[in-house]
Amino acid sequence: MNNAVSGFSKLSKEDKISWIANEYFSNPKEAITTIKQYWNSDVKLQQLHDEFIENTITNFYLPLGIAPNFLVNGKYHSIPMVIEESSVVAAAAKSAKYWSTRGGFKATVLSSEKIGQVHFIFKGDAQKLELFFQKTKPKFFTSTESITKNMQKRGGGILDIELRNKTTELENYYQLHTTFETKDSMGANFINSCLEQFATTLKEEALDYEAFSAEEKNIEVVMSILSNYVPNCIVRAEVSCKVEELADKKIDNPLRFAEKFVQAVKIAEIEPFRAVTHNKGIMNGIDAVVLATGNDFRAVEAGIHAYASKNGQYSSLSHATIENGIFTFWMEIPLALGTVGGLTSLHPLVKMALEILGKPSAHELMQLVAVTGLAQNFAALRSLTTTGIQEGHMKMHINNILNQYQATDEERKLIATHFETNTISHSAVVNFIQKMRN
């Protein structure tokens, strides 16, 4: 393609597909066939998916798997997970079963505040601005009553509004820093609507404030937007047992295992290069459940990684100790999730996922997501400190290789037998396939 396209969004779906196929593919007919293979045969269901985003041409499938046997706060759950990476669901399920016989997971929501900010420029006397804010603060609440009415009925709403002076960091820069409780909704639209009304009230009230000079009356609102960093929307997940109870068929020396496990976590606490991969493993579990339940995994990722850097250096989200013969593994993470609104009431599979989870409240979903992340992290660290990560991962990844080479049922049996006693790697599997076929 060498030219810009004009009016792409106004083209019909068929015309969009035709343009894409002819511009980018040497075999347009084959491209169109592939695109349409992923359409749902139910026209209304396909239209629903088409309207989730703009310029839709087809559906992009990811597997929805189930990790059973999660014993969380004394109750069993099966966790729906949407992810493309081999071994993630298997690892979560393995951890869940392991801990189900050792007391299970404990999870607690420590706080659930969410944050939004009005960012503005004020050129004038900071003390006068503070007096103006104190006088105007009640009007921020009254001016948003029509927006907050329904949320307040559910026990949520605006918690507090602060004026923050950031002029030492950026000239003339201030914030209205607001905390919210949004109950079972993620609350993005609610928060942003409140903030935009705050901005309007701020500007209107400043124009009528007699103590301000002409320049001070002219407050410039730069933007009004929620923050995906929610350090006061925290859930804690943990597992613990006596050290000797860690024994398993691959853990014949539980004390040595526990000590090595704690060392691995401490390395991730002080070494950012390790911490990033360590936390990525946690996010394998978290993102998979966030996706399955129709929540915003990009917002969750951004907030959690910011939290991992809260002390000035990127560090492990999870921690482990051995004290008085008790092994404890835990993490505290920020999770702003919802179980109403957005895709939760639109996407059929999201509704199914939430039903599998027992139609949880937002707080309950926070707990289930957090324990899945902790389970994933435990599985990874257990492998790393015992057999190594590749043994289990490659056993799961081998199916992808076999599908890539379109292995027959007979070939799959021979390959499975061969790699029962041989090390699995991508090159080893490919070489074995080529030798068989030659």
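The entries below go from the whole chain to helix pairs, then to cysteines and backbone angles.

**Ground rules.** I am working with a predicted model, in which local features need pLDDT of at least 70 and side-chain atom pairs count only at pLDDT 80 or more, while totals for chains, interfaces and linings use all residues. Residues are numbered from 1 along each chain as its sequence is written, and side-chain values use heavy atoms, with hydrogens and water left out.

**Whole chain.** I looked up the secondary structure and found 16 helices and 10 strands, where helices (H or I, at least four residues) and strands (E, at least two) are DSSP runs numbered from the N terminus. The C-alpha atoms fill a box of roughly 90 × 70 × 40 Å, taken along the principal axes. Of the 438 residues, 43% count as buried; buried means under 20% relative accessible area, exposed means over 50%, and partly exposed lies in between, with a 1.4 Å probe and protein chains only. I then took the contacts (heavy atoms within 4.5 Å) between residues at least 6 apart in sequence, and 71% of them join residues at least 24 apart.

**Helix pair α1 and α2.** I noted that α1 (residues 13–24) and α2 (residues 28–37) pack at an angle of about 135°, with their axes 8 Å apart. The axes are lines fitted to C-alpha atoms, for helices over the stretch in contact, and the angles run from 0 to 180 degrees between N-to-C directions. The two helices are therefore oblique to each other, given that angles under 35 degrees count as roughly parallel, over 145 as roughly antiparallel, 65 to 115 as roughly perpendicular and the rest as oblique. Their crossing is right-handed, a label used if the near helix is turned clockwise from the far one by less than a right angle, with anticlockwise giving left-handed. On the α1 side the contact is made by Glu14, Ile17, Ala21 and Asn22, and on the α2 side by Pro28, Ala31, Ile32, Ile35 and Lys36. I sorted these residues into six nonpolar, one polar and two charged, with Ala, Val, Leu, Ile, Met, Phe, Trp, Tyr, Cys and Pro as nonpolar, Asp, Glu, Lys and Arg as charged, and the others, Gly among them, as polar.

**Helix pair α10 and α13.** Here the axes of α10 (residues 272–292) and α13 (residues 362–385) come within 8 Å and cross at roughly 135°, and α10 passes α13 in a right-handed crossing. From α10 the contact includes Gly281 and Gly285, and from α13 it includes Gly373 and Gln376. I counted this contact as seven nonpolar, eight polar and one charged.

**Helix pair α15 and α16.** The axes of α15 (residues 409–418) and α16 (residues 426–437) come within 11 Å and cross at roughly 130°, so the pair is oblique. The crossing is right-handed. Glu411, Leu414, Ile415 and His418 of α15 meet Phe432, Ile433, Met436 and Arg437 of α16, a set that divides into five nonpolar, one polar and two charged.

**Cysteines.** How many disulfides does a search of the whole structure find? I got zero, taking a disulfide as a pair of cysteine sulfur atoms within 2.5 Å. The sulfur of Cys194 is 16 Å from the closest cysteine sulfur, in Cys233, which is too far for a bond. Both residues are shielded by the accessibility criterion: Cys194 is buried at 0% relative accessibility, and Cys233 is buried with a relative accessible area of 1%.

**Positive phi.** Most residues other than glycine have a negative phi, so I recorded the exceptions. Asn69, in strand β1 (residues 64–72), has phi near 70° and is partly exposed, at 33% relative accessible area. Lys183 has a positive phi of about 50°; Lys183 sits in the loop between β6 (173–181) and α7 (188–207) and is partly exposed at 32%.

**Around Ser100.** The C-alpha atoms of Ser100 and Asn69 are separated by 6.8 Å, although the two are 31 residues apart along the chain. Leaving aside neighbours within four places in sequence, Ser100 is in contact with Asn69, Leu71 and Tyr76.
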